[in-house]
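Trainee: I have a new model open in my viewer. Can you show me how to read it, feature by feature?

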Amino acid sequence: MSAVSLLDAPLRQGVEALGLDVSEAQMRQLLDFLALLQKWNKVYNLTAVRDPQEMLTHHLLDSLAAVLPLRRHLAERRAQGPGQGANGARLLDVGSGGGLPGVVFAICCPELDVSCVDTVAKKAAFIQQAAAALRLPNLHGIHARVESLQQAFDVVSCRAFASLPDFTTWSGQAVGDGAVWLAMKGKHPVDEIAALPSSVEVFHVEQLAVPGLDAERCIVWMRPRRPA
């Protein structure tokens, strides 16, 4: 039995603890993604975490903890009426590295078009490989600096990427009309929030509980400040 197949039960327990509705096909994709991450990590050093159990808790479940909040946000967009629905919504995951949380979002939110951008070519190539291997037509890997992107997105996310001021400054041109930033953080980043420019508004800091991980996690939700 492979190391990844041994994680089937713990993954299911974690998904249940998070209250996530995940299909059998999505569960298989999550496990296949973990196997792919382990395989490529041996050659391309996508993540410093090597132990499969740690990968499950520190990467997969940590990313899955943000899925319900993301789904809720997409549902709120849909409720705002025509032109704001989740169908056709686009997410940019900045500094995605090994595809966390971008690949997880693409698996669990198939109606969402997910682009993962990274300045390291081999990491962007891994995302493209994951999209093909996991049969995720809504997942794309982009080798670029986020500042150079010209497209507009509805959600711009990051996980352990940079300080909030740097993240919002570098990705500002990618934030479309009515779009938000979703920044996954550890402890409530009081100092980073205080250092944000006046053009950025924090409208919610959402605490997360990651099964099997005894550490603080939160999402800092931000948007461009509307003119008074």
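Mentor: Let's go through backbone geometry, a helix, cysteines, an annotated site and a few contacts.

Trainee: What kind of model is this, and how are residues numbered?

Mentor: This is a predicted model, where local features need pLDDT of at least 70, side-chain atom pairs count only at pLDDT 80 or more, and totals for chains, interfaces and linings use all residues. Residues are numbered from 1 along each chain as its sequence is written, and side-chain values use heavy atoms, with hydrogens and water left out.

Trainee: Backbone first, then. Which peptide bond is cis?

Mentor: Look at the bond from L100 to P101, where omega is near 10°. Helices and strands here are DSSP runs (H or I, at least four residues, for helices; E, at least two, for strands), numbered from the N terminus. In those terms, P101 sits in the loop between β1 (90–94) and α5 (102–108).

Trainee: Which residues have a positive phi although they are not glycines?

Mentor: Take R135, with phi of about 55°, and A160, with phi of about 50°. R135 is in the loop between α6 (121–133) and β3 (139–143), while A160 is in the loop between β4 (153–159) and α7 (164–171).

Trainee: Are R135 and A160 buried or exposed?

Mentor: The scale is relative accessible area: buried is under 20%, exposed is over 50%, and partly exposed is in between (1.4 Å probe, protein chains only). R135 is exposed at 72%, and A160 is exposed at 73%.

Trainee: How many disulfides does the model have?

Mentor: The test is a distance: a disulfide is a pair of cysteine sulfur atoms within 2.5 Å. By that rule the count is zero. For C158, the closest cysteine sulfur is that of C218, 11 Å away, so the pair is too far apart for a bond. Both cysteines are buried: C158 has a relative accessible area of 1%, and C218 is also at 1%.

Trainee: What does UniProt list as "binding site"?

Mentor: Treat such a record with some care: positions are given in the numbering used here, feature names are shortened, and annotations may be inferred rather than shown by experiment. The unreviewed UniProt entry lists G95, L100, V146, E147 and R159. Of these residues, G95, L100 and R159 are in the lining of the second largest pocket. A pocket is found on a 1 Å grid over the protein atoms alone, as an open set of points where a 1.4 Å probe fits, with protein on both sides within 12 Å along at least five of seven lines; lining residues have an atom within 4 Å of a point.

Trainee: Where is S63, and what is it in contact with?

Mentor: S63 is in helix α3 (residues 52–64), buried at 0% relative accessibility. Leaving aside neighbours within four places in sequence, S63 is in contact with L100, P101, V104, F105, R159 and M184. L100 and R159 are also among the listed UniProt positions.

Trainee: And which backbone oxygen does the side chain of R225 reach?

Mentor: That of V200, at 3.3 Å. R225 lies in the segment after β7 (217–224), and its C-alpha atom is 5.1 Å from that of E201, 24 residues apart along the chain.

Key:
A polar contact is a pair of N or O atoms within 3.5 Å; within protein, one must be able to donate a hydrogen and the other to accept it, and residues adjacent in sequence count only if both atoms are side-chain atoms. Contact means heavy atoms within 4.5 Å.
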